[in-house]
Amino acid sequence: MAGSAYSPEEIETIYRRNFTLVYQLCLVLMRSVPDAEDAAQTVFRRVMEREQPFCDLEHERAWLIVTARNECRDQLKHWWRARRGDASALDSLTWEQPGDSFVWEQVAALPGKHRLVLFLHYYEGYTTDEIARMLGENPSTLRSRLVQARRKLKLRLEAEGYGNT
């Protein structure tokens with residue numbers, strides 16, 4: 001393995017600039033604080049091992065999002081995870097942006113592919129075309145997934161009486 005494309009100072013800058021995004025994305029997908037911390041740590045370790053520099057800040061963010069998604073998928077598929085008990089860490093999730101923890105609980109209860117698209121679109125502000133490019137998916141497929149996610153979230157919120165006066 002050759003050396004990193006970045007100095008320790010540059011890696012620290014990348015970490016400070018993107019940690020919140022990577023951690024929250026991992027938390028959305030893993031639904032466990034310790035697992036999200038492990039996944040985020042692995043993503044930034046991969047930055048240190050990266051041999052080619054990023055083209056620009058948007059490329060950096062897109063690479064981190066895709067790498068975080070892939071790392072979370074790998075961890076969720078791992079044989080060890082299937083054999084351990086169900087973590088009840090959802091009650092102790094730490095989240096910085098959403099002001100309504102009830103809504104976040106309902107988002108967190110959705111399937112992973114729906115949580116991911118809702119998080120990137122509403123919390124990170126990406127357009128569906130940008131998300132599709134980052135994740136290597138068809139934009140219309142992604143828009144359909146966003147519509148499905150909204151519909152499922154709406155049904156969950158209505159079932160809990162959210163928004164009714």
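Reply:

Glu 137 counts as partly exposed, because its relative accessibility is 21% and the buried class ends under 20%. The model is a predicted one. The side chain of Glu 137 meets that of Arg 145 in a salt bridge, with 2.8 Å from N to O. Arg 145 is itself buried, since its relative accessible area is 16%.

This pair belongs to a set of eight salt bridges. Another of the set joins Glu 124 and Arg 61, whose closest N and O atoms are 3.0 Å apart. This pair links distant parts of the chain, 63 residues apart: Glu 124 lies in the loop between helix 6 and helix 7 (128-135), and Arg 61 in helix 3 (residues 57-77). Glu 124 is buried, because its relative accessible area is 19%, whereas Arg 61, at 22%, is partly exposed.

A further salt bridge lies within one helix. Glu 49 and Arg 45 both belong to helix 2 (residues 33-49), where four residues, about one turn of the helix, separate them. An α-helix has 3.6 residues a turn, so residues three or four places apart point the same way. The side chains of Glu 49 and Arg 45 meet with an N to O distance of 2.7 Å. Both partners are partly exposed: Glu 49 has a relative accessibility of 31%, and Arg 45 one of 36%.

Technical notes:
Residues numbered from 1 in each chain as written. Predicted model: local features only at pLDDT ≥ 70, side-chain atom pairs only at ≥ 80, totals over all residues. Heavy atoms only, no water. Salt bridge = Lys/Arg side-chain N within 4 Å of Asp/Glu carboxyl O. Helix = DSSP H or I, 4+ residues; strand = E, 2+ residues; numbered from the N terminus. Buried < 20%, exposed > 50% of the residue type's maximum accessible area, 1.4 Å probe, protein only.
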